[in-house]
Amino acid sequence: MSNLYFDKNVFKGKKAFIPFITAGYPTLNDTVSFILQMEKAGADMIEIGIPFSDPIAEGAVIQHASTAALKNGASLDKIFETTAKIRKQTDIPLVFMSYVNPLFKTGYENFFRKCDELNVRGVILPDVPFEEKADIEKYARPYDVDLISMIAPTSNDRIKMIAQASRGFIYVVSSLGVTGTRDEIKTDLGAITDIIKETTPVKTAIGFGINTPKQAEEMSKFSDGVIVGSAIIKIIDKYGSNAQEAIFNYVREMKNACLN
């Protein structure tokens, strides 16, 4: 089962740091170099965002990056080619974050077959409700790709239901709303992750809003990993194609915070 892939290659009995990057922002060549810098800095897995014209789960920062990437020609086929270039240089675990429309256009089976070829073992689809997940998961399973469940602050019964059916790892959403950095995270995440741990052995990673080392340290007390996206995109906004050093320093600092 591919659950073991994430256990053995990402979490490995310690707290994981998982940075997010929008593929093709500012260029696809930059995506390769940024990911290699993240790995050198200690990232345990990279979440690669496939740009989409209507990213409903994303805040303004990642929406802007998606729009710019699409204007620069970051098509799904080119993202696959870029991922193949990454795979020639590293075996770091990768997951795609996308929306249903790009998968539908290329064909679900074609998409997951390509994931398998590229050793991308997880896909996050924030616009797929739990009740509709099985309709797409049937195409992913034969290629040993997990659809990563997202659990938001919600009722205990629904948390248990989603957790019981989860594979790979569980993406715990820190706050209601869209992605984006937050000064303070007030959700009782400890209570949510406690319910998950009582329900399933599948590991958890908390995302949405985390951007400081202090937040990463705090969130890692409740979970097996921390996911950060908008803060990294802001670094790229500032430095553009010259963001390698700043990304390296930020990822290293956040990874160290997760281990405290």
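A pocket is an open set of points on a 1 Å grid over the protein atoms alone, with protein on both sides within 12 Å along at least five of seven lines; its lining residues have an atom within 4 Å of a point. The structure is a predicted model, in which local features need pLDDT of at least 70 and side-chain atom pairs count only at pLDDT 80 or more, while totals for chains, interfaces and linings use all residues. Residues are numbered from 1 along each chain as its sequence is written, and side-chain values use heavy atoms, leaving out hydrogens and water.

**View A. Lining of the second largest pocket.** The volume of this pocket is about 200 Å³ (the space filled by probe spheres set on the points, which are joined across faces, edges and corners). Its lining consists of Ile50, Pro51, Phe52 and Ser53, together with Leu70, Ala74, Ser75, Leu76, Asn101, Pro102 and Lys105. Helix 5 (residues 100–106) supplies the largest share, three residues; helices (H or I, at least four residues) and strands (E, at least two) are DSSP runs numbered from the N terminus. By class, the lining has seven nonpolar residues, three polar and one charged (nonpolar: Ala, Val, Leu, Ile, Met, Phe, Trp, Tyr, Cys and Pro; charged: Asp, Glu, Lys and Arg; polar: the others, Gly among them).

View B. Strand 2 (residues 46–49) is joined to strand 3 (residues 94–97) by four bridges in the parallel sense; pairing requires at least two DSSP bridges between two strands. Glu47 has Val95 of strand 3 as its bridge partner.

**View C. Helix 2 against helix 12.** The axes of helix 2 (residues 28–41) and helix 12 (residues 244–258) come within 8 Å and cross at roughly 35 degrees. This crossing is right-handed, the near helix being turned clockwise from the far one by less than a right angle. Contact (heavy atoms within 4.5 Å) is made by Ser33, Phe34, Gln37, Met38, Lys40 and Ala41 of helix 2 with Gln244, Ile247, Phe248, Val251, Arg252 and Lys255 of helix 12. Six of these residues are nonpolar, three polar and three charged.

**View D. Helix 2 against helix 4.** Here the helices pack at an angle of about 35 degrees, with axes 10 Å apart, and the crossing is right-handed. Leu28, Asn29, Thr31, Val32 and Ile35 in helix 2 face Lys78, Ile79, Thr82, Lys85 and Ile86 in helix 4 across the contact, which comprises five nonpolar, three polar and two charged residues.

**View E. Backbone geometry at Pro26 and Asn119.** Most residues other than glycine have a negative phi, and most peptide bonds are trans. The Tyr25 to Pro26 bond is cis, with omega near -5 degrees, and Pro26 belongs to the loop between strand 1 (16–22) and helix 2. Asn119, although not a glycine, has a positive phi of about 55 degrees; Asn119 is in the loop between helix 6 (108–117) and strand 4.

Definitions and conventions: 1 Å grid on protein atoms, 1.4 Å probe; cavity = no way out; pocket = protein on both sides within 12 Å on 5 of 7 lines; lining within 4 Å. Axes fitted to C-alpha atoms, helices over the stretch in contact; angles between N-to-C directions.
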